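Colleague: I have some questions about the words used for this model. Could we look at it together?

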Amino acid sequence: MTILLNQVCYRTLHLPNSWLLSTYESIGGYSTWKKILVEKTPPAELLEKLKVSSLRGRGGAGFPTAMKWSFIKPESPGPKYLLCNADEGEPGTCKDRDILRFNPHQLIEGMCIGAYIMGIPFGYIYTRGEFKEPIARVDAAIEEARKAGYLGDNLFNSGFSFQLEQTIGAGAYICGEETALMESLEGKKGQPRFKPPFPANVGLYGKPTTINNVETFASVPVILEKGPEWFLGLGKPNNGGTKIFCVSGHVNKPGNYEVPLGTPFKTLLELAGGMKDGKKLKAVIPGGSSMPVLPADIIMECDMDYDSLQKAGSALGSGAVIVMNEDTCMVKALERLSHFYEEESCGQCTPCREGTGWLARLVSRIEKGDAIMSDIDTLQRAAKNIEGRTICAFGEAAAWPVGGFLKHFREEFEYHVKNKKCKTT
Amino acid sequence: MTVSLLDPEVCAEIDRWVAKYPPDRKQSAVISALHTVQNHHQGWISRELLDAVADYLEMPKIAVYEVASFYSMFDLNEVGQYKINVCTNISCMLTGAEEMVKHFEKRLGIKVGETTPDGKFTLREVECLAACVCAPVCEINRDYHEALTPEKIDKILEELK
């Protein structure tokens, strides 16, 4: 089976110095942006195209982009902000890093077009602080775009102005949550805000704000250049276009693969070189560490798209595909994930601050063989008691892995309790 | 007002950050200011320097302490010249992070969380660095090292000695 690889966000990756303006322009980059400015395309027309493309947010939640962008009207006065969430950190996910490093101009062009559609004069790219190389590339790209007249005042005499800056984080997973990111950008601890009000009404500095993931913005120029039907045609209805999957773990060729949505998992696994050392597939977390794990027999029948994975009891999430072979201890895997959520809970809501500690301690006890059988039910209950009781979705992110692991691999947890050792060793 | 502990070079860099935000939103530059200060002062930020940042950005001291203690990249105690942060999260764990941590411990003669007696290396476990398809991964000061093996670690440490 031949598969179309790297058609959208990664379309420059095969080129030398793919991050330079000259490279991006050589494949038609910024031509869409320039055409919009010169022709003064009505924003509503562009928004309609995005709607037809059925582009959904690529950060994890899958919210329809055109709908999000319709919440902020271009004609409404006053300051407004456009933010790009480049605080990539969901365990297993590293797709945005390669857009930032290797194709930063396409992200910038996507943000320019978004700013035009919503009439937003100012934007920030919030990049995680650890990303030294991506930060440098984005800074250089912004500078190049400014000098070339793609960013700045009265662009191509259109009367439209858009200023863009990069700002950086300092190590906090929670800042990938949109309102925590805004708090962080305001120079505070990254603790999520209550919603409502939603960012479209009260966002950064209390002003209307739209925030999207790197991959979402970077998809926009190609959608408008090649047409929404082309993009939609790459995927399936309601699951249009392409998605980058970060395949990590026990495979021969771990990597970021941008493929049409709806690509069968089997095909993706083949692209990633198949299972390492000829081992058997045991389980896959298909959408980043916060999404429920799926056992081999279920994932092997799944297509990699929003609907198929949801039907299977998990979710597409950020597109991080974590592959585990037959030797993997599921208790140990959950122990590591639970430790992560305990570490990264921002501490604002009691059920999450205390609950993530409970989860981590309980799983650790089971892993070490110090647990009693009822601890497994306590673990399940503790997870349930976090879900839905917190300000942001971090609570669910911490609880869902527990639910997934216990649903499909409970027997392994029981084995640990009974035999004080692991079934896989 | 006392003489600031921040040297002109640091102040100039903070000013560049401040200019990115609206004029009445200087506080937005605090994270970048702390990065700047940390980079210029042996990789960690003393209480006096936190206070100096607060003065410079006209923020209450407590607001700067809050930020500095919330984000994992800021060190508020003395650290080694090289901070070795090994990711042990799921994708790295599946590809041998535990072995890499042990190898670092063996080579450096310290445990995770410790600093070598000569003050050269601090070894830590960190959460996901978002380079999962290149696992196992570590970060030394601000540079990523990918697809680690014990041999690769030996080579890296040799170069830093």
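Modeller: Start with the word contact: two residues are in contact if their C-beta atoms, placed from the backbone, lie within 7 Å. Keep in mind that this is a predicted model.

Colleague: Which residues of α5(A) meet which residues of α9(A)?

Modeller: From α5(A) come K95(A), D96(A), I99(A) and L100(A). From α9(A) come V214(A), E215(A) and A218(A). By class, this contact has 4 nonpolar, no polar and 3 charged residues.

Colleague: What makes α9(A) mostly covered?

Modeller: A residue is buried if 20 or more other C-beta atoms lie within 10 Å of its own. In α9(A), 11 of the 13 residues are buried. Among them are F217(A), V220(A), P221(A) and I223(A). V214(A), E215(A) and A218(A), which meet α5(A), are buried too.

Colleague: What comes just after α9(A)?

Modeller: G227(A) does, with a positive phi of about 95 degrees.

Colleague: What makes α3(A) oblique to α6(A)?

Modeller: The axes of α3(A), residues 43-53, and α6(A), residues 104-118, cross at roughly 125 degrees and come within 8 Å. Roughly perpendicular ends at 115, and roughly antiparallel needs over 145. The angle of roughly 125 degrees lies between those limits, so α3(A) is oblique to α6(A). The crossing is left-handed.

Colleague: How do you know that the contact of α3(A) with α6(A) is nonpolar?

Modeller: Go through the residues. P43(A), L46(A) and L47(A) in α3(A) meet I113(A), Y116(A) and I117(A) in α6(A). Pro, Leu, Ile and Tyr count as nonpolar. The division is therefore 6 nonpolar, no polar and no charged.

Colleague: Which residues touch the most other members of the largest nonpolar core?

Modeller: They are C112(A), V247(A), L268(A), L359(A), L34(B) and V53(B), in a core of 180 residues. Helix α17(A), residues 394-419, gives the most to this core, with 10 residues. In soluble globular proteins, nonpolar side chains tend to be buried together.

Colleague: What does V247(A) touch?

Modeller: Leaving out residues up to four places away in sequence, its partners include L268(A), A272(A), V321(A) and V323(A). V133(B) is one of them as well.

Colleague: How many residues of chain A are in contact with chain B?

Modeller: There are 46, and they are in contact with 35 residues of chain B. The largest share of that side of chain A, 6 residues, comes from α14(A). By class, the side divides into 17 nonpolar, 17 polar and 12 charged.

Colleague: How many helices and strands does chain B have?

Modeller: Chain B has 7 helices and 4 strands. Its C-alpha atoms fill a box of roughly 50 × 35 × 25 Å along the principal axes. Of its 161 residues, 47% count as buried.

How values were computed:
Residues numbered from 1 in each chain as written. Chains lettered and ligands numbered in written order. Predicted model: local features only at pLDDT ≥ 70, side-chain atom pairs only at ≥ 80, totals over all residues. Helix = DSSP H or I, 4+ residues; strand = E, 2+ residues; numbered from the N terminus. Axes fitted to C-alpha atoms, helices over the stretch in contact; angles between N-to-C directions. Parallel < 35°, antiparallel > 145°, perpendicular 65-115°, else oblique. Left-handed = near helix turned anticlockwise from the far one by under 90°. Core = buried A, V, L, I, M, F, W, Y, C linked by C-beta atoms within 7 Å. Buried ≥ 20, exposed ≤ 12 C-beta atoms within 10 Å, placed from the backbone.
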